[in-house]
Amino acid sequence: MKYTTYFHSAVAMVIFAGLSGNAISAQGEWLQPKQLIVDNSLPQAKLKTNEAVAREYASFWNTGNETLARNALAAGFIDKTPPEGRKQGPEGAILASRAFRAAVPDLRCDVEQMIISGDRVVSHLHFHGTFTGTFGKLKGKGQKIDFIATDIYEIGDGKIVANWHIEDNLTLMKQLGAL
């Protein structure tokens, strides 16, 4: 009986370790901010949770991996500053990423800085790539894309529940050849 209990406990620990290792491995592959500024009065658990969910969402923009967005965004996620016609919820962000990746297939995103305070995370993002696809009526001719964006995330229960964002659309539109 003791052997069976020990065996089941050992198997459970191996499975848990494997699952935890996958989570740690995945976080190790998420984007790291070049500069991280934190409110040190926050409990460490909240600080780590807020940082992790923001890094996971930034990694979605870097890779286009929709699972990252679905994991980072709450089911009732609200885009507080959506462009005209953007669907609300996680699907809105996912569809926006798909559309932009069709225009800039090699799109990359860097987190220049991340500021964590209370239930908010501010991410200063830097996007770059090559416009070789189509964006609306525009057809890429291999021009370089390089612009910034700033996102403010509200975090609740370990997920992004709301996002206010602004992109340097003037620079982007000039690079796309729209202006």
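At 22% relative accessibility, Glu66 counts as partly exposed; buried means under 20% relative accessible area, exposed over 50%, and partly exposed in between, with a 1.4 Å probe and protein chains only. This is a predicted model, in which local features need pLDDT of at least 70, side-chain atom pairs count only at pLDDT 80 or more, and totals for chains, interfaces and linings use all residues. Residues are numbered from 1 along each chain as its sequence is written, and side-chain values use heavy atoms, with hydrogens and water left out.

Glu66 belongs to helix 3, residues 66-72. Helices (H or I, at least four residues) and strands (E, at least two) are DSSP runs, numbered from the N terminus. Leaving aside residues up to four places away in sequence, Glu66 touches Phe60, Ile94 and Arg98, where contact means heavy atoms within 4.5 Å.

**The chain as a whole**

The protein chain has five helices and eight strands. From the N terminus on, its elements run α-β-α-α-β-α-β-β-β-β-β-β-α. Of the 179 residues in the chain, 36% are buried. Among contacts with a separation of 6 or more, 61% are between residues 24 or more positions apart.

**Helix 2 and helix 4**

The axes of helix 2 and helix 4 come within 9 Å and cross at roughly 30 degrees. Axes are lines fitted to C-alpha atoms, for helices over the stretch in contact, and angles run from 0 to 180 degrees between N-to-C directions. The two helices are therefore roughly parallel to each other; angles under 35 degrees count as roughly parallel, over 145 as roughly antiparallel, 65 to 115 as roughly perpendicular and the rest as oblique. Helix 2 contributes Tyr57, Phe60, Trp61, Asn62 and Thr63 to the contact, and helix 4 contributes Ala93, Ile94, Ala96, Ser97 and Arg101. By class, the residues of this contact are six nonpolar, three polar and one charged. Ala, Val, Leu, Ile, Met, Phe, Trp, Tyr, Cys and Pro count as nonpolar, Asp, Glu, Lys and Arg as charged, and the others, Gly among them, as polar.

**The largest pocket**

The largest pocket holds about 650 Å³ of space. Its lining has 31 residues, and the closest to the pocket centre are Trp61, Pro83, Arg86, Ala96 and Glu167. On a 1 Å grid over the protein atoms alone, a pocket is an open set of points where a 1.4 Å probe fits, with protein on both sides within 12 Å along at least five of seven lines, and lining residues have an atom within 4 Å of a point. Helix 4 gives the largest share of the lining, seven residues. The lining has 18 nonpolar, seven polar and six charged residues.

**Single residues**

Val38 lies in strand 1, residues 35-38. Val38 is partly exposed, with a relative accessible area of 27%. Not counting residues up to four places away in sequence, Val38 touches Leu47 and Ile116.

Asp157 is in the loop between strand 7 and strand 8. Although not a glycine, Asp157 has a positive phi of about 55 degrees. Asp157 is exposed, at 83% relative accessible area. Lys174, in helix 5, is also exposed, with a relative accessible area of 51%.

| Pair | Separation along the chain | C-alpha distance |
|---|---|---|
| Val38 and Met114 | 76 residues | 8.2 Å |
| Lys174 and Ile145 | 29 residues | 9.4 Å |
| Glu66 and Glu91 | 25 residues | 9.4 Å |

Key:
Grid points are joined across faces, edges and corners, and a volume is the space filled by probe spheres set on the points.
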